[in-house]
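I set down here what I looked up in this structure, entry by entry.

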Amino acid sequence: MFQLRTFVAVSLIRTGAAMSAPIAVVPSEWKDAVQPQIAFSLNGDAHIVFGRGNAIYHTVSDRERGFRTPTKIGELGKLALGMHRGPRVVCTARGIVITAISHQTGTLHQWTSTDNGERWSAPQALNSVPNSARDGLHAMAGDGLNFIAIGWLDLRFGGMELWSRTSQDAGRTWNAETRVYASPDKHICECCHPSI
């Protein structure tokens, strides 16, 4: 299983410094921390999100202080983890956006922070049809400023389809859900992770 570590080389590549040994991101006893995702803010801070049990955690590192102790930002019934499932993170000009899916409710949730991860909003549902995102596979990307795109596998019409939403204001509001692709065979691959 992937150990949740990051390499100092990630930030040092930008400065041209020599590579060094990996550093731990989570306490050594957290052997069940899985599915890390990383995003960089415009000022170079590294934001990492991961799952542990049914909880979503976030940590951030700048070049001077290293990684903070991970903070739990939320918990979902049967958090989708493993096999490319897990929380996602993007950095925007206004803050941080994290998403995750509950297998229990089939809901794609979003949390936002405007203070570098000190406080988090209450979760907001991004799919309007209950239980439609229950497969748990999704992807998210942003331009580092205000645009975010998210895509997920969706079962609202019975067969697996690819659906998406976009935000022009760093996740404050979202455009309507859009079906990106529905196969003539009535479903797309149920276990293929979307990418954006």
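Entry 1: I looked up the pairing of β14 and β15 and found three bridges in the antiparallel sense. Strands are DSSP runs of E with at least two residues, numbered from the N terminus, and two strands pair if DSSP finds at least two bridges between them. In β15, R179 is the bridge partner of W163. On the other pairing, I noted that strand β13 (residues 148–154) is joined to β14 by seven bridges, again antiparallel. There W152 stands opposite W163. The hairpin of β13 and β14 has six residues between the strands, and within the hairpin G158 takes a positive phi near 100°.

Five of its seven residues are buried, so β14 is largely enclosed. Here buried means under 20% relative accessible area, exposed means over 50%, and partly exposed lies in between, with a 1.4 Å probe and protein chains only.

**Entry 2: source of the model.** I record that this is a predicted model, in which local features need pLDDT of at least 70 and side-chain atom pairs count only at pLDDT 80 or more, while totals for chains, interfaces and linings use all residues. Residues are numbered from 1 along each chain as its sequence is written, and side-chain values use heavy atoms, with hydrogens and water left out.

**Entry 3: salt bridges.** E161 is buried at 8% relative accessible area, whereas R179 is partly exposed at 42%.

I also noted the salt bridge of E75 with K72, at 2.8 Å between the closest N and O atoms; K72 is partly exposed, at 45% relative accessibility. D115 and R119 meet at 3.1 Å, N to O, and R119 is exposed at 62%. Finally, D154, R156 and E177 are linked in a network of salt bridges.

**Entry 4: rings and charges.** Which residue lies over the face of W163? I found R156 there, at 3.9 Å from the ring centre. A charge sits over a ring if NZ of Lys or CZ of Arg is within 6 Å of the ring centre and within 35 degrees of the ring normal. The charged end of R52 likewise sits over the ring of W30, 4.2 Å from its centre.

W30 also belongs to one aromatic cluster with F50 and Y57. The whole structure holds four aromatic pairs. The rings of F50 and Y57 have centres 5.5 Å apart and planes at 10°, so the pair is stacked. Rings of Phe, Tyr and Trp (its six-membered ring) pair if their centres lie within 6.5 Å; planes under 30 degrees apart count as stacked, over 60 as edge-to-face and the rest as tilted. Both F50 and Y57 are buried.

**Entry 5: the four-stranded sheet.** I traced an open sheet in the order β8-β9-β10-β11, with antiparallel pairing. Its edge strands, β8 (88–91) and β11 (124–125), each pair on one side only. Four bridges join β8 to β9 (residues 96–102), and C91 has I96 in β9 as its bridge partner.

Terms used:
A salt bridge is a side-chain nitrogen of Lys or Arg within 4 Å of a carboxyl oxygen of Asp or Glu.
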